[in-house]
Amino acid sequence: MLSAELTRSLAKQLYDARKSRTQLRHFSKAHPQMTIEDGYAIQREWVKLELADGHTIKGRKIGLTSRAMQQASQITEPDYAPLMDDMFFESGGDVPFERFIAPRVEVELAFILARPLQGPGVTLFDVLAATEYVTPALEIIDARIEQFDRETKAPRKVFDTIADFAANAGIVIGGRPVRPDAIDLRWAGALLYKNGVIEETGIAAAVLNHPATGVAWLANKIAPYDEGLNAGDVVLSGSFTRPTLPQRGDVLHADYGPLGNITFRLT
């Protein structure tokens, strides 16, 4: 375990890196004793700095929900991080490229909760009962900690990703919201286009066989910290496509079929 002083220092480095758009080397390389719990401790200290600036938490994101991503990251469960209020952008508008360092875009479903969820023991059915509606969402992920080391080209470890807000940096919500029982959410699909060219396709069953499973996992995972999911929270349930790498000026468009569309331009 890292010391409390070091944990706060690393959190401040991430806080500064987000503002300055300057990437950091892998924490896990400099501190090989680092654990998953250290990653979450750093994340929590970073959240304190954002809250001190007057920002608020609007929900949570869940990452590493697909088996392929878990295997690539050498982890057997998802990860999570808060969604801060300044990470939300409108569909159909411009998203400033200078807010990010190395942005990538993933296709997701967002659960908006009508009632709180407090673990342990939360099930998929509890999630569906507590959800006001489900809506399409695009997550913009970023790397304040380098995805690949600048010298060795080694990939960052999951501890680094967790500390780095589980890579989350932005969210664009749009399309047509639906009640969670209106469709079989496993078969909700999307086509992701960049500048009119199709980049990725996927269906939501790729997220732990049902996207609500991730929300239940999250409610139970944070329960030991005396934390829960609140009414009104936006919960990103996990990507069901590979991330797409955009450049400044690119237009991203996700077609969710009967659930509508999301479009934005990086300017």
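Leaving aside neighbours within four places in sequence, which residues is R156 in contact with? The legends below start from there.

This is a predicted model: local features need pLDDT of at least 70, side-chain atom pairs count only at pLDDT 80 or more, and totals for chains, interfaces and linings use all residues. Residues are numbered from 1 along each chain as its sequence is written, and side-chain values use heavy atoms, with hydrogens and water left out.

View 1. R156 sits in the loop between β6 (131-141) and α6 (158-163); helices (H or I, at least four residues) and strands (E, at least two) are DSSP runs numbered from the N terminus. R156 is buried, with a relative accessible area of 13% (buried is under 20%, exposed over 50%, partly exposed in between, with a 1.4 Å probe and protein chains only). Leaving aside neighbours within four places in sequence, R156 is in contact with H26, D142, A143, I145, E146, Q147, T161, D164 and A167 (contact means heavy atoms within 4.5 Å). A polar atom of the R156 side chain lies 2.8 Å from the backbone oxygen of I145.

**View 2. The largest nonpolar core.** A nonpolar core is a set of buried Ala, Val, Leu, Ile, Met, Phe, Trp, Tyr and Cys residues joined through side-chain atoms within 4.5 Å. The largest one has 48 residues, and L109, L117, L138, L229, Y256 and F264 have the most contacts inside it. Helix α7 (residues 211-221) supplies the largest share of this core, 6 residues. Not counting residues up to four places away in sequence, L117 touches V122, D126, V127, A130, V215, A219, G228 and L229. Another core, of 19 residues, lies apart from the largest one; L2, A17, F27 and M87 are among its members.

**View 3. Helix α7 under cover.** Of the 11 residues of α7, 8 are buried. They are P211, A212, G214, V215, A216, W217, L218 and A219. Their cover includes β1, β2, β5 (104-113), α5 (124-130) and β10 (234-236).

**View 4. The second largest pocket.** A pocket is an open set of points on a 1 Å grid over the protein atoms alone, where a 1.4 Å probe fits, with protein on both sides within 12 Å along at least five of seven lines; lining residues have an atom within 4 Å of a point. The volume is about 200 Å³ (the space filled by probe spheres set on the points, which are joined across faces, edges and corners). The lining consists of Y40, Q43, R44, V47, K48, I57, R60, Y80, P82, Y225 and E227. Elements giving two or more residues are α3 (36-52), β1 (57-63) and β2 (79-84). α3 gives the most, with 5 residues.

How values were computed
Polar contact = N/O pair within 3.5 Å; in protein donor to acceptor, adjacent residues only side chain to side chain.
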